[in-house]
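This report looks at charged side-chain pairs. Keep the structure open while reading.

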Amino acid sequence: MAATIKMVAERAGVSVATVSKYLNGGNVYKENAIRIQKAVDELDYKLNDVARSLKTNKSYIIGVLAASIQSNFIAEIISTLQCSLANYGYSTLIVDYQEYEVLEKKQLDVLLKKKVDGIVLFPFQNEKEIVHLIQKEKIPVLMIDNLIQDVECDAVVTNNRQGVYEAVKQLVSYNHSRIGMVTGPLKMYTARERLNGYLDALRESQIEIDEKLIAVADYDIDSVYNCMK
């Protein structure tokens, strides 16, 4: 006979309500959490995701809308994200739109139909319309490595401007003065910030800015290769 939540509670020596709270991601005393998890493992208790979703009105699924999962940058973040979410009882549904704007909207529909509890967005272009569509559904959205002007949205970004600034200043310290820059599409926040960091460093170093040494590429190897040539 399959184990029940009541059996888990009896084995752990806590109430059914405490077990339910723990299984649904709520905070319980550390000692209770340890006993409950031990009982779950010993009884091989399987959580009924359908029943849990009906009770909590949550799917316990986080959607990931990625420009391309072939990117090492994106793949590494998704891998870490999956492990972190699993600790809170969430699974991930990953869709890849292969950098096609039309496919991106179709893949977003897949996530919305699955009633995901949140969406992590890896942008390829300026995703203002996509973010608005998600927010219209009252679904939390987190953008990775991009910000959009006039759109309020949680985001995780690195300090692109400062990073490039420091790289250029390092080259200047080696007495280099003809320093080129290959950046991404300037409609992207990160690309603009990197270019600004480059320009900041040249101006501060009193090096004349040569527009011929600045190239704008797409985010693919061939495009960058051609710009470097």
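Glu204 is partly exposed, at 49% relative accessibility. In this predicted model, Glu204 forms a salt bridge with Lys169. The closest N and O atoms are 3.1 Å apart. The pair links distant parts of the chain: Glu204 sits in helix 9 and Lys169 in helix 8, 35 residues apart. Lys169 also counts as partly exposed, with a relative accessibility of 26%.

Arg161 takes part in a network of salt bridges with Glu193 and Asp200. Arg161 itself is partly exposed, its relative accessible area being 31%.

Take the contact with Glu193. Arg161 and Glu193 form a salt bridge, with the closest N and O atoms 3.9 Å apart. Arg161 lies in helix 8 (residues 160-173) and Glu193 in helix 9 (residues 189-204), so this pair ties together parts 32 residues apart in sequence. Glu193 has 16% relative accessibility and counts as buried, because the cut-off for buried is under 20%.

Now the contact with Asp200. Arg161 forms a salt bridge with Asp200, the closest N and O atoms lying 2.7 Å apart. Arg161 is in helix 8 and Asp200 in helix 9, so the pair ties together parts that are 39 residues apart in sequence. Asp200 is partly exposed, with a relative accessible area of 26%.

| Salt bridge | Closest N and O atoms |
|---|---|
| Arg161 and Glu193 | 3.9 Å |
| Arg161 and Asp200 | 2.7 Å |
| Glu204 and Lys169 | 3.1 Å |

How many salt bridges does a search of the whole structure find? The search finds six.

Methods
Residues numbered from 1 in each chain as written. Predicted model: local features only at pLDDT ≥ 70, side-chain atom pairs only at ≥ 80, totals over all residues. Heavy atoms only, no water. Salt bridge = Lys/Arg side-chain N within 4 Å of Asp/Glu carboxyl O. Helix = DSSP H or I, 4+ residues; strand = E, 2+ residues; numbered from the N terminus. Buried < 20%, exposed > 50% of the residue type's maximum accessible area, 1.4 Å probe, protein only.
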